[in-house]
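Thanks, everyone. Please look at the screen.

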Amino acid sequence: MSRVANRPRQAADRRGGTATGPRRLLGRLVGTAFGRAVLACLALAGWALWTGGILDGPIARQVRGSSVYAAPGVDLDRAAAERVIGNRRLVVLIMEPGADLREACDDTERAAQGTLVLAMSRDGEDWDTYGCSRLGGDLGRAVVTETTIGRGADAFVDRPVEALKVIVLNYDRLVRAGLVPDGARTISPSLPRYLLAGGAVAGVVAGAAVLWLGGRRAGRLADARRAGRDARADERAALGAATAVLAQQIIDLDGHAGPAAPAHRRLAADYVGLLDEVSEVDDDAGAVRRLRERVEELSRRAADLADDAASGRRGTRGRGRR
């Protein structure tokens with residue numbers, strides 16, 4: 001019974017462990033500087049996509065960078081229409097007959113900030129219009145501009161570009177009357193895009209600086225290692241030369257050791273032991289230096305034995321002449 005009763009608890013523990021696994025991983029990620037940087041980049045990218053209009057409809061996407069939107073099936077020379085409007089703070093939406101103009105105007109709430117939006121569609125022999133002001137200000141001024149901007153366009157139902165000219169004249173009158181602020185429409189990327197661009201430039205500059213500094217450090221390290229290898233090679237060459245000189249000194253002592261023969265044999269034995277150490281020495285500069293000092297010591301002993309042998313020969317020749 002106890003085993004059966006414990007099975008639900010074990011299953012719950014397994015489910016809890018499965019659920020807490022991603023949480024634990026997320027906690028470890030957030031707890032590191034790299035994880036926080038990744039989360040910040042993701043948040044900035046999401047902000048840039050949202051402010052850039054990733055959720056916008058076709059109308060909003062069009063008017064973010066243009067002053068005219070023409071619905072599919074509407075006969076309109078868009079290039080001529082944009083030239084008529086120019087850089088005014090005016091956005092015109094020409095919809096298909098029977099379209100919901102209010103909804104079309106509402107779709108431009110974030111994409112056409114700072115402009116006066118006019119949605120229009122053909123309704124028989126007239127234009128059906130709906131205006132919405134994104135210019136700010138008091139409600140009375142906004143109502144006047146929204147109801148005035150489309151007046152007189154009904155005379156050019158078959159010629160949308162000419163109707164736009166009338167709308168532009170109405171807009172200019174509103175500007176002169178002080179109901180619409182004067183100035184051109186500015187279309188600029190959102191702040192997150194500036195941040196992403198600045199971050200990309202800063203990343204490139206920082207990466208180049210890190211690579212340059214790393215290259216310089218690697219060059220210095222490589223130069224130091226090469227200088228160390230050259231110095232060790234010189235030390236080994238000097239050790240080999242000193243060992244060869246010592247060997248020649250020992251060979252020269254073989255013929256006239258005389259009374260110093262025991263000292264000569266000890267010198268030869270020390271030289272043989274030294275050769276074993278010289279053959280096994282590595283690139284340790286300290287070990288090479290110590291071996292060289294020992295070679296120099298043995299060389300001095302050999303020179304002393306040679307001087308003793310030479311002085312003994314001179315004394316023998318002097319007694320022979322007497």
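Start with Thr148. At 18% relative accessibility, Thr148 counts as buried, because the cut-off for buried is under 20%. Keep in mind that this is a predicted model. Thr148 lies in helix H6, residues 139-148. Which residues is Thr148 in contact with, leaving aside its neighbours within four places in sequence? They are Asn170 and Leu174.

Next, the largest nonpolar core. This core has 23 residues. Leu90, Val92, Met120, Trp127, Ile149, Ile167 and Tyr171 touch the most other members. H7 gives the most, with seven residues.

Look at Tyr171. Not counting residues up to four places away in sequence, Tyr171 touches Arg88, Arg89, Leu90, Leu116, Ile149, Val180 and Pro181.

Now strand S2. Is S2 enclosed or open to the outside? Six of its six residues are buried, so S2 is largely enclosed by the rest of the structure. Both faces are covered. Leu90, Val92 and Ile94 are buried on one side. Val91, Leu93 and Met95 are buried on the other.

What pairs with S2? Strand S1, residues 68-70, runs parallel to S2, joined by three bridges. There, Ala70 stands opposite Ile94. S2 also pairs with S3, again in the parallel sense, over six bridges. Met95 has Ser121 in S3 as its bridge partner.

Last, the crossovers. S1, H4 and S2 make a left-handed β-α-β unit. S2, helix H5 (residues 101-106) and S3 make a right-handed one.

Notes: Residues are numbered from 1 along each chain as its sequence is written. This is a predicted model: local features need pLDDT of at least 70, side-chain atom pairs count only at pLDDT 80 or more; totals for chains, interfaces and linings use all residues. Side-chain values use heavy atoms; hydrogens and water are left out. Helices (H or I, at least four residues) and strands (E, at least two) are DSSP runs, numbered from the N terminus. Buried means under 20% relative accessible area, exposed over 50%, partly exposed in between (1.4 Å probe, protein chains only). Contact means heavy atoms within 4.5 Å. A nonpolar core is a set of buried Ala, Val, Leu, Ile, Met, Phe, Trp, Tyr and Cys residues joined through side-chain atoms within 4.5 Å. Two strands pair if DSSP finds at least two bridges between them. A crossover is right-handed if, with the strands pointing away from the viewer, the path from the first strand over the helix to the second runs clockwise.
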